[in-house]
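Subject: Structure handover, with notes on cavities, pockets and cores

Dear colleague,

I am passing on the structure we spoke about, and would be glad if you kept it open while reading the notes below.

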Amino acid sequence: MGKSKHPGPQRLPVIPDPKLWVSVVPFGLGKVKPKHIRDTMRTLWLNRDNLPYAARILTQGVCDGCALGVSGLYDQTLTGPHICTTRLNVLRLNTMPAMKSGTVHADIEELRKMSSAELRELGRIPYPLILRPGDTSFSRLSWDEALDFIAAKFRAVEPEQTGFYLTARGITNESYYAAAKTARFLGTNNIDNASRICHSPSKTALKRSLGIGASSCSYRDWIGTDVLVFWGSVAANNQPVSTKYMYAAKRKGTKIIVINPYREPAMDGYWVPSIADSALFGTKLADDFYQVNIGGDIALMHGVMKHWFDMEERQPGSAVDHSFVQRHVNGYEELRLKVLEQKWEELEASSGISRDRMAELAGLLAKSKSAVFVWSMGLTQHRHATDNISQVANLALLRGFIGREHCGLMPIRGHSGVQSAGEMGADPFSLPGSDFDEHNLSRLEKLWGFTLPRWQGDIVGLSLENALLPAGHPRRMKLYYLSGGNFLETMPDPEFVREALEALEVRVHQDIIFNTSTLLDAKEAVVVLPAMTRYEQPGGGTSTSTERMIYFSPEIRGPRIAEARAEWGIYGDLAARVKPEQKHLIAFPSAQAIREEIAKAAPDYDGIQYLKNKGDVFQRGGAWLCEDGVCPTTDGKARLIAVDVPIRGSAEGQFYVTTRRGKQFNSMVYGEKDAFNGGLRHDVLLHSTDAAALNVTDGEAIVLHNTNGTFHGRAKFAEILPGNLAVHFPEGNVLFPMGVYETAAGIPEYNISVTLEKAIHFIQRKDRIYSKRGALEA
């Protein structure tokens, strides 16, 4: 725990700096860019029936969009109001009325024809529902009927055959904690959350490298650091408020480096709507782009360190902070030997970056006295993701960029609340406050008063696979309880996911709206429970931001869905019905009572019990984790991890493909056209030289295919490194395999080798195969 406290927000410069302007043409007229004014007006129109309530949510509540932690319109980084399109896009989820009865009970096949975006517009779930095999529509249940039905199923199956999952949008610490405690009370460790497919490798790698499981620094450290590196992160698109921090950093002289296969336009220049000169003329964000191969980040980092060790041979101390390393780091010699054995030709081939370009980056970092490394799913959604993050940590540790002002490692989070899911125990490898081990099991048994299961729970992907195990298998998943989420649009191989979800005997969807997965069948029943939003929950709730700020979001006066209930209350009521003789051990009388218990169960959260009013906040762990280089490990030292360079497996004529986000919030799509490059949802980003080799023209219909699936799209020429392709998530998920997980953290694979063909050639080849098959059968 650090001793230094966050100093609070700082002011932006008043006088503009024209050197940072993107264009002298006001508002970026004629350029492809977000239309902030238009989007704001659209939000006003969508919320016109509840504008006063919408205004109170924006000015009083903690943002339920990304995890930057804006409370009302203000945060702890900069003075002045903040608002972004992500928050405006999700606002309607909180203000929309309940679905009309005729819609709720419409023919299920008609509902199944709708996309998730169309279902979202139907309104809130009004009351508990059930869908049994053969039913043509949902039937209404009372809360007692719904919870008694689910409780009976929990009693009828083994705990190993049950599981819980929680999404991240709007989920509070209180709900995560209640779910984690309920799962263990019911005897199961099969509980997982949305961070499993986002940042689980970040936590795993930071734990093994530094003994921490969260960002080591604060957003304030961006402002004035010598170098700010975004690795596989498009913060300007996914966390738009962060552009204001980048603007402030640029005004302090910070260099911004972006490492990504695609030169994302959002990171090139951005029109920050809450800063007058930026709103008018835009702001140049990135000083340099390093376009790396998909999966080539480790090779690039090896190249940087190889240059550093060469510099050390010529002039000791010119690249490595030996004083810091000697006092605070283990594993130096092992890492040095691993790096020196790498061959330049292999590093260049793997990374896609020349030795000279690697030298430029190495030189910049070596000359810098401070740096902050920020990353997201471009580094985490790989089968070698934990090694990716440990390699980033290696760079920071060799330079001493840890535990002090303007330095640190930051896995930037995309959802408000996802940071704390594991910290509250909603994770098969975690318990509230710490890891899943005997010490913490015993500690919590004393606090909770009941025995906790010792067996290892499964991650979400395995739980889905377990739904298809043979009928008599002891781990066959039979009952899955989902708080939000839509696996059809977030997990690889949607058809497999569909099969798994429909193979479950009972599936529970605790949510505020329908999505495409809600409407799938189950063997016995699908039960739908209407949940409150975070702004409706009695007693308010808390959420933890990327920078470990724990914010209180108050209950906000406004219209209510009559039968919607607080998520933490639903868990407690259900658990009490499953084991009525022990209900005194699982009762959650109020949100305040949960916060008081969290403070005991998770010692790092001591202080959460005092958060009761709008604006209440504290930072867990202080301004910097590993302050002054002292880490929470057994010997107080960080560890350098020697990792191998992954082997890229694409053959000649094939490409590596990754996913990216467009105008969307996770899987919730808000527009068909990308606001930054004008691309459509089924466009495939590729370099013109790759297209020329295949005689593909811009806009032409093409097909990507591999053994996992087939994606039909259109070519869109873009500044992406040759040999690499990008498709939108979730549309491109058909190309990725289910069952391929990163070993250390269990994240699914979202990068794969594919063959690209002109659509006309693909169809002709399929026709020939079909014709030959028909002739043989004849």
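Predicted model: local features only at pLDDT ≥ 70, side-chain atom pairs only at ≥ 80, totals over all residues.

Residues are numbered from 1 along each chain as its sequence is written, and side-chain values use heavy atoms, with hydrogens and water left out.

Cavities

Rolling a probe the size of a water molecule over the atoms shows where empty space is left. On a 1 Å grid over the protein atoms alone, a cavity is a set of points where a 1.4 Å probe fits but cannot get out, whereas a pocket is an open set with protein on both sides within 12 Å along at least five of seven lines, and a lining residue has an atom within 4 Å of a point. Points are joined across faces, edges and corners, and a volume is the space filled by probe spheres set on them. Helices (H or I, at least four residues) and strands (E, at least two) are DSSP runs, numbered from the N terminus.

Sorted by class (Ala, Val, Leu, Ile, Met, Phe, Trp, Tyr, Cys and Pro as nonpolar, Asp, Glu, Lys and Arg as charged, the others, Gly among them, as polar), the lining of the largest cavity holds 14 nonpolar, 15 polar and six charged residues.

The second largest cavity contains about 380 Å³ of space and is lined by 29 residues, of which G232, N260, G378, T658 and T659 lie nearest its centre. At least two lining residues each come from helix 10 (235–238), helix 19 (377–380) and strand 22 (654–660), and the classes here are eleven nonpolar, 14 polar and four charged.

The largest pocket holds about 780 Å³ of space, and among its 37 lining residues K203, K207, G211, I212 and G213 are the closest to its centre. Helix 9 (200–210) gives the largest share of this lining, four residues, and the lining as a whole has 14 nonpolar, twelve polar and eleven charged residues.

For the second largest pocket the space is about 580 Å³, and of its 25 lining residues S115, S116, E489, T516 and P730 are the closest to the centre.

Helix 1 and the cores

In helix 1 (residues 36–46), H36, D39 and T43 are buried, meaning under 20% relative accessible area, with over 50% being exposed and anything in between partly exposed (1.4 Å probe, protein chains only). Why do they lie on the same side of helix 1? They do so because they cover an arc of only 65° around the axis, the arc being that of the directions from the helix axis to the C-beta atoms. I37, R38 and W45, on the other side of helix 1, are exposed.

A nonpolar core is a set of buried Ala, Val, Leu, Ile, Met, Phe, Trp, Tyr and Cys residues joined through side-chain atoms within 4.5 Å. The largest one has 104 residues, and Y481, F487, L529 and L704 touch the most other members. Apart from it lies another core of 55 residues, including L300, M305, M311 and L365.

Backbone details

Most residues other than glycine have a negative phi, and most peptide bonds are trans. F729 and P730, however, are joined by a cis peptide bond with omega about 10°, and P730 sits in the loop between strand 28 (724–728) and strand 29 (752–758). C626, although not a glycine, has a positive phi of about 55°, and is buried at a relative accessible area of 4%. N695 likewise has a positive phi, of about 60°, but counts as exposed at 57% relative accessibility.

With best wishes
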